Amino acid sequence: MKSKLGVNIDHIATVRNARSEGHPDILKAARFALNSGADFITIHVREDQRHIKKKDALILKSKIKKPINLEISTNSKMINFASKLKPYSVCIVPENRKEITTEGGLNLKNNSLAKNIKKLKKLNIKVSLFINPNLKDLKKSKILGSDSVEIHTGKFSRLVKNKDSKLKQEFSKILKCSQMAKKLKINFNLGHGLDYVSAKYLSKLKNVSEYNIGHFIIGESLFHGMKRVIKKFKTIL
């Protein structure tokens with residue numbers, strides 16, 4: 001199975017917002033990433049719009065032809081925004097205003113999830129749930145009607161960097177989830193904290209539909225250029 005690469009451009013917006021002068025340009029960044037080999041663009045419009053703004057999403061949707069994967073919280077205003085934007089796919093993620101980055105998977109006991117998934121799917125939007133690597137949440141995601149799951153790989157990525165002895169145990173959790181996803185016929189995606197080494201390790205899995213990678217790509221591009229970094233990930237995956 002050939003895995004797709006989604007490039008998250010949130011932190012292009014972080015740099016732009018440091019001066020609020022419109023540079024670097026988000027649309028230009030998205031087009032450059034796609035021309036460099038990205039299969040689609042991922043953007044997280046947070047409730048506080050700390051990086052990508054709603055107006056950025058609207059411009060991207062109107063100007064680029066390849067798929068946009070929109071990450072949003074379960075907040076009703078954000079679900080309504082996604083319904084109006086109509087991106088190719090929506091990944092529902094947990095949000096905490098005080099967090100620097102997403103710290104874990106969704107609490108699937110949220111009573112609004114099933115309703116929100118149904119609402120988005122009625123608009124022909126593919127829906128993914130951002131979950132921790134455990135079988136219980138994977139099975140629950142299927143029951144809720146999600147088309148895909150995206151496994152939070154933050155812990156795994158940290159273990160790889162630290163060469164921690166718990167790495168094999170964490171990989172085993174992700175492996176079991178990938179096998180269960182295949183049985184349940186639900187798309188299996190990975191994302192958060194990935195770099196060359198952790199992505200190469202996870203490339204052992206044969207049924208990953210999509211990888212979503214952002215922070216490392218943007219950071220590494222400062223030294224080697226986005227085109228080179230994206231091409232290297234495409235080779236790894």
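**Exercises on a predicted model**

Lys163 is exposed, with a relative accessible area of 75% (exposed means over 50%, buried under 20%, partly exposed in between, with a 1.4 Å probe and protein chains only). This is a predicted model, in which local features need pLDDT of at least 70 and side-chain atom pairs count only at pLDDT 80 or more, while totals for chains, interfaces and linings use all residues. Residues are numbered from 1 along each chain as its sequence is written, and side-chain values use heavy atoms, with hydrogens and water left out.

**Exercise 1. Describe the backbone at Lys163 and at Asn124, and locate both residues.**

Step 1: Lys163 has a positive phi of about 50 degrees although it is not a glycine. Look for Lys163 in the loop between helix H7 (154-162) and helix H8 (167-184); helices (H or I, at least four residues) and strands (E, at least two) are DSSP runs, numbered from the N terminus.

Step 2: Asn124 also has a positive phi, near 65 degrees, and is not glycine either. Its loop runs between helix H5 (113-122) and strand S5 (126-131). Asn124 counts as exposed because its relative accessibility is 69%.

**Exercise 2. Find the place of Pro24 and the form of the peptide bond from His23.**

Step 1: Go to the loop between helix H1 (10-17) and helix H2 (26-35), where Pro24 sits.

Step 2: Check omega from His23 to Pro24: the value is near 0 degrees, and the bond is cis.

**Exercise 3. Work out which side of H5 is buried and what packs there.**

Step 1: List the buried residues of H5, namely Leu113, Asn116, Ile117 and Leu120. They span an arc of only 100 degrees around the axis, so they are on the same side of H5 (the arc is that of the directions from the helix axis to the C-beta atoms).

Step 2: Turn to the other side of H5, where Lys115, Lys118 and Lys122 are exposed.

Step 3: Name the partners: the buried residues of H5 pack against helix H4 (76-85), S4, S5 and helix H6 (135-144).

Step 4: Now visit S4, which covers residues 89-92 and includes Ser89. Ser89 is buried, because its relative accessible area is 10%. Leaving aside neighbours within four places in sequence, Ser89 is in contact (heavy atoms within 4.5 Å) with Ile68, Asn69, Leu70, Ile125 and Lys126.

**Exercise 4. Sum up the protein chain as a whole.**

Step 1: Count the elements: the chain has 11 helices and 8 strands.

Step 2: Of its 237 residues, 51% count as buried.
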